[in-house]
Amino acid sequence: MAKPKGVQSRQDAHKIPNDQTRTAMAEARSLFARRAGHMTAAPKESRMAIESLPAFTKPARQRWESIPAAVRQRLLSNVWCAHCRHETTITNFSGTIKQDDLLLVGKCAECHGDVARVIEGA
């Protein structure tokens with residue numbers, strides 16, 4: 001039996017980002033484009049320490065620091081890279097608050113492509 005047009009199988013549903021994800025990625029691309037001129041390429045093996053937050057807005061820094069260190073590390077090491085097609089670690093990241101969510105924008109630790117992580121607000 002053929003599926004009606006526009007209906008996805010359960011198997012394919014996870015491959016299509018929802019509206020919140022698409023919005024966050026568009027915002028991440030915009031933020032990245034604005035700061036791209038100020039960035040330098042990092043060595044392949046470098047990892048940014050959690051304590052080093054050079055480009056966080058004040059509210060983003062306060063939200064980030066309110067998260068326990070172990071949870072912050074887990075959030076940083078569980079970021080989806082569309083290029084690598086698996087989870088990775090975000091490096092060289094910055095943070096801002098968008099619509100009460102913390103948005104981290106940075107680079108994939110493996111391919112150095114753009115990645116973002118949304119941490120939903122309370």
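In S4, which residue is the bridge partner of Ile97? Select Leu102 and you have the partner. Before going further, note that this is a predicted model, where local features need pLDDT of at least 70 and side-chain atom pairs count only at pLDDT 80 or more, while totals for chains, interfaces and linings use all residues. Numbering starts from 1 along each chain as its sequence is written, and side-chain values use heavy atoms, with hydrogens and water left out.

**Stop 1: the sheet**

Switch to cartoon and pick out the open sheet of 3 strands, ordered S3-S4-S5 with antiparallel pairing. Strands here are DSSP runs of E with at least two residues, helices are runs of H or I with at least four, and both are numbered from the N terminus. Two strands pair if DSSP finds at least two bridges between them. S3 (90-98) and S5 (114-119) are the edge strands, each pairing on one side only.

Now go through the pairings. S3 and S4 (residues 101-108) run antiparallel and are joined by 7 bridges. S4 and S5 are also antiparallel, with 6 bridges; select Leu104 and you'll find Arg117 of S5 standing opposite. S4 and S5 make a hairpin with 5 residues between them, and His112 in the turn has a positive phi of about 65 degrees.

**Stop 2: salt bridges**

Show side chains next. With a salt bridge taken as a Lys or Arg side-chain nitrogen within 4 Å of an Asp or Glu carboxyl oxygen, the count is 2.

Start with Asp100 and Arg63, whose side chains meet at 3.1 Å, N to O. This pair links distant parts of the chain: Asp100 is in the loop between S3 and S4, Arg63 is in helix H3 (residues 58-65), and they are 37 residues apart. For accessibility, read buried as under 20% relative accessible area, exposed as over 50% and partly exposed as in between, with a 1.4 Å probe and protein chains only. Asp100 is partly exposed at 43%, and Arg63 is partly exposed at 23%.

Then select Lys107 and Asp114, which form a salt bridge, again with 3.1 Å from N to O. Lys107 is buried at 14%, whereas Asp114 is partly exposed at 38%.

**Stop 3: the core**

A nonpolar core is a set of buried Ala, Val, Leu, Ile, Met, Phe, Trp, Tyr and Cys residues joined through side-chain atoms within 4.5 Å. The largest one has 15 residues, and Trp64, Ile90, Leu104 and Ile119 touch the most other members. H3, helix H4 (69-76), strand S1 (79-81), S3, S4 and S5 each supply at least two residues. S4 gives the largest share, 3 residues.

Centre on Ile90 and show its contacts (heavy atoms within 4.5 Å). Leaving out residues up to four places away in sequence, Ile90 touches Leu76, Val79, Leu104, Val105, Gly106, Lys107 and Val115.

**Stop 4: aromatic rings**

Rings of Phe, Tyr and Trp (its six-membered ring) pair if their centres lie within 6.5 Å; planes under 30 degrees apart are stacked, over 60 edge-to-face, and the rest tilted. There are 3 such pairs. Zoom to Phe56 and Phe93, an edge-to-face pair with 5.9 Å between centres and 70 degrees between planes. Phe56 lies in the loop between helix H2 (19-35) and H3, and Phe93 in S3, so the pair ties together parts 37 residues apart in sequence. Phe56 is buried at 9%, as is Phe93 at 1%.
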